[in-house]
Amino acid sequence: MKSLLIMIDGEGDLGDNDESKRNQAVENHYKWIEAAKQLDCHSIRVNAAGQGSAEEVQQNAIEGLRSLSTFAKGLDINVIVENHGGHSSNGQWLNKVISSVDMNNCGTLPDFGNFCITRDENWNCLEDYDRYQGMKEIMPFAKGVSAKSHDFDENGNEIHSDFSKMLKIVKSAGFKGYIGVEYEGKKLSEYEGIKATKALLEKTIASL
């Protein structure tokens, strides 16, 4: 068994418009970088979140991520950003953030299914970004990949994401790392959903 990365939530917004809050969020992540080092992980996954316009959050996230990545570089840990709702689910936006940070230990964790930018109070998606375009835009910086699944057809294929199309994008980017299995559906049990996702990954990779 090998630990690869730690997923971090709830430690403050790295794209906060308030500089003191943003700096505090950066410092709140330090302990997780140190933990990742102790566990021999290669990365921590963070969120590029904040309040304000896309341009404001983008600039603040660049500053926050650059500061955090500078700390992480000293411990040889990567800081990777998932497309995880809000502005970060816009592939072009996230591409610009990581490009602007311009540090080799700051990258992405592309998730097949997280391309909804805005939702209503019932969690229905109001604004969706093209998931295949988004993957193409953030895969060049990927240091991990999350194969997200929700529902399957009678042949075991995910009905929201074309895994063959997704994995061709992953392969074309030259990605050589691990692909994580992540099931968020409701029709199968968690265990059965994980097995179904893993089986689909194995089948698709073999076909490529």
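Predicted model: local features only at pLDDT ≥ 70, side-chain atom pairs only at ≥ 80, totals over all residues.

Residues are numbered from 1 along each chain as its sequence is written, and side-chain values use heavy atoms, with hydrogens and water left out.

Q: Why is the pair Arg45 and Glu82 called a salt bridge?
A: The term requires a side-chain nitrogen of Lys or Arg within 4 Å of a carboxyl oxygen of Asp or Glu. The closest N and O atoms of Arg45 and Glu82 are 2.7 Å apart, so the pair qualifies.

Q: What does the pair Arg45 and Glu82 tie together?
A: Arg45 lies in strand β2 and Glu82 in strand β3 (residues 78-82), so the bridge links parts 37 residues apart in sequence. Strands are DSSP runs of E, at least two residues; helices are runs of H or I, at least four, and numbering starts at the N terminus.

Q: Why does Lys195 count as partly exposed?
A: Buried means under 20% relative accessible area, exposed over 50%, and partly exposed in between (1.4 Å probe, protein chains only). Lys195 has 40% relative accessibility, so it is partly exposed.

Q: What makes a set of residues a nonpolar core?
A: Its members are buried Ala, Val, Leu, Ile, Met, Phe, Trp, Tyr and Cys residues joined through side-chain atoms within 4.5 Å. The largest such core here has 46 residues, and Ile44, Leu65 and Phe112 have the most contacts inside it. Helix α3 (residues 54-73) gives the most to this core, with six residues.
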